[in-house]
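I am opening my notebook to record, entry by entry, what I looked up in this structure.

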Amino acid sequence: MKHLTNLSVIAALAVAVTAPTSAFAFRAMNNLKVNPEGQFSFEVIQSGGISAADVWCAAGDYAQRVLKVAQTQQVYLIEGKHMARTETRERFGYSFSLTPPKEAANFTSKPLTLSLKNIGDSLSVSFARQYCYNGLDDRMRIFP
């Protein structure tokens, strides 16, 4: 019986180690969940009726407060709307990175519209975080 208990503990640990990383989630200023995907990549989890500005806000906030990068660091969209890989429940996510994807190698200008469809689009951390203040008055702002 002791052997069976040890196997149960080992199985539980194996599941915990290989489970999606939502246990390590970060909540951005706008309350969107952000999960790490790699050392310099992360996934913003869709929640309800969010806009592109909401997603970019969460990406910029995560880059600044968790990854501790400079305000001028670019954050790149590396995958548009997809089934989230870092969640146990079925949710949609958007993946970002601090390094540009191959698709962005030939970009010569910044986009004129805010989008979550164009792989390689980027904003600086400070510019992305400006979207965190849309629609908030001074009483509702959450400062890190």
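Entry 1: Strands are DSSP runs of E with at least two residues, helices are runs of H or I with at least four, and both are numbered from the N terminus.

I note that this is a predicted model, in which local features need pLDDT of at least 70 and side-chain atom pairs count only at pLDDT 80 or more, while totals for chains, interfaces and linings use all residues. Residues are numbered from 1 along each chain as its sequence is written, and side-chain values use heavy atoms, with hydrogens and water left out.

**Entry 2: which way the residues point.** In a regular strand the side chains alternate between the two faces of the sheet. In β3, I found Ser-41, Glu-43 and Ile-45 pointing one way and Phe-42 and Val-44 the other way, and all of them are buried.

**Entry 3: partners of β3.** Which strands pair with β3? Strand β2 (residues 33-36) pairs with β3 in the antiparallel sense over three bridges, where pairing requires that DSSP finds at least two bridges between two strands. Within this pair Asn-35 has Glu-43 of β3 as its bridge partner, and the two strands form a hairpin with four residues between them. Strand β5 (residues 92-97) also pairs with β3 in the antiparallel sense, over five bridges, and there Ile-45 has Gly-93 of β5 as its bridge partner.

Entry 4: I then looked up helix α2 (residues 52-65), whose 14 residues reach 20 Å from the first C-alpha to the last, close to the expected 20 Å, which is 1.5 Å times one less than the number of residues.

**Entry 5: a disulfide.** How many disulfides does a search of the whole structure find? The search finds one, counting a pair of cysteine sulfur atoms within 2.5 Å, and it joins Cys-57 to Cys-132 with an S to S distance of 2.0 Å. Cys-57 lies in helix α2 and Cys-132 in the segment after α3 (125-130), so the pair ties together parts that are 75 residues apart in sequence. Cys-57 is buried at 0% relative accessible area, and Cys-132 counts as buried at 4%.

Key
Buried means under 20% relative accessible area, exposed over 50%, partly exposed in between (1.4 Å probe, protein chains only).
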